Amino acid sequence: MSDVATQTDSPPEMERHEARFAVLDSPIEGRGAFAVKFIAKGETIAEYTGERISKAESDRRCEDGNPYIFNIDDEWDLDGNVPDNAARFLNHSCDPNCEALDYDGQIWIEAIRDIRPGEELTFNYGYSLDDYRDHPCGCGKPNCLGFIVAVEHQEQVRRELVERPAGDASEKEQ
Ligand SMILES: [Zn+2]
């Protein structure tokens, strides 16, 4: 499940008719979202829409392997696995060009640097440290951790991987 930074200002305005990306085969995984025009740093790309679900329902869907669930607050989560949520095609990257921001329960994807046409749009899925080894990353960036994990946990994971490299199942969890 993803945690995102909470914003205090109002949700961004966006011209919804104006497609900023196309969904194509991705070298990272499956299909991805690729910029079809220049996108400036700070520009809003899409709302990450979905179904608002309870924590209990969220737990059930996470256990089923649903990777599209965002943590909204203590009571609700957002399941982005719905057909009209084009933002679900954005892949995770360890060196992303977008980020997901929480505007009072609405998740918006915004560019964190200038993006050229043809670049794949990515954000950090912000997964917790729980069972990160079940979520390998294939982003291919020079700084790729090999696993999908939130930025704030990346240093810890780097240390853990030195002490206990991926694929080494001989040692127990502490
Ligand atoms: Zn990576």
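Helices (H or I, at least four residues) and strands (E, at least two) are DSSP runs, numbered from the N terminus, and two strands pair if DSSP finds at least two bridges between them. Residues are numbered from 1 along each chain as its sequence is written. This is a predicted model, in which local features need pLDDT of at least 70, side-chain atom pairs count only at pLDDT 80 or more, and totals for chains, interfaces and linings use all residues.

**View 1. Here is the hairpin of β9 and β10, with two residues between the strands.** D104 takes a positive phi near 50 degrees in this hairpin. β9 and β10 run antiparallel and are joined by six bridges.

View 2. A46 has I109 as its bridge partner in β10. Contact here asks that the C-beta atoms of two residues, placed from the backbone, lie within 7 Å. Leaving aside neighbours within four places in sequence, the contacts of I109 include I45, Y48, L90 and F123.

**View 3. The largest nonpolar core has 27 residues, and I45, Y48, I109 and L121 touch the most other members.** Such a core is a set of buried Ala, Val, Leu, Ile, Met, Phe, Trp, Tyr and Cys residues joined through C-beta atoms within 7 Å. Buried means that 20 or more other C-beta atoms lie within 10 Å of a residue's own, exposed means 12 or fewer, and partly exposed is in between, with C-beta atoms placed from the backbone. Among the elements that give two or more residues to this core are β3 (31-35), β4 (44-48) and β11 (120-123). The largest share, four residues, comes from β10. A second, separate core of nine residues includes Y127, C139, I148 and V149.

**View 4. Three strands form an open sheet with antiparallel pairing, in the order β5-β7-β6.** β5 (51-54) and β6 (69-71) stand at the edges with a single partner strand each, so one side of each has no neighbour in the sheet. Four bridges pair β5 with β7 (residues 76-79), and E51 has D79 as its bridge partner in β7. Packed on the sheet is helix α1 (residues 55-63), which touches β5, β6 and β7.

View 5. P27 counts as exposed because it has 10 other C-beta atoms within 10 Å. P27 and K41 are 14 residues apart in sequence and 23 Å apart in space, C-alpha to C-alpha.

Definitions and conventions:
Axes fitted to C-alpha atoms, helices over the stretch in contact; angles between N-to-C directions.
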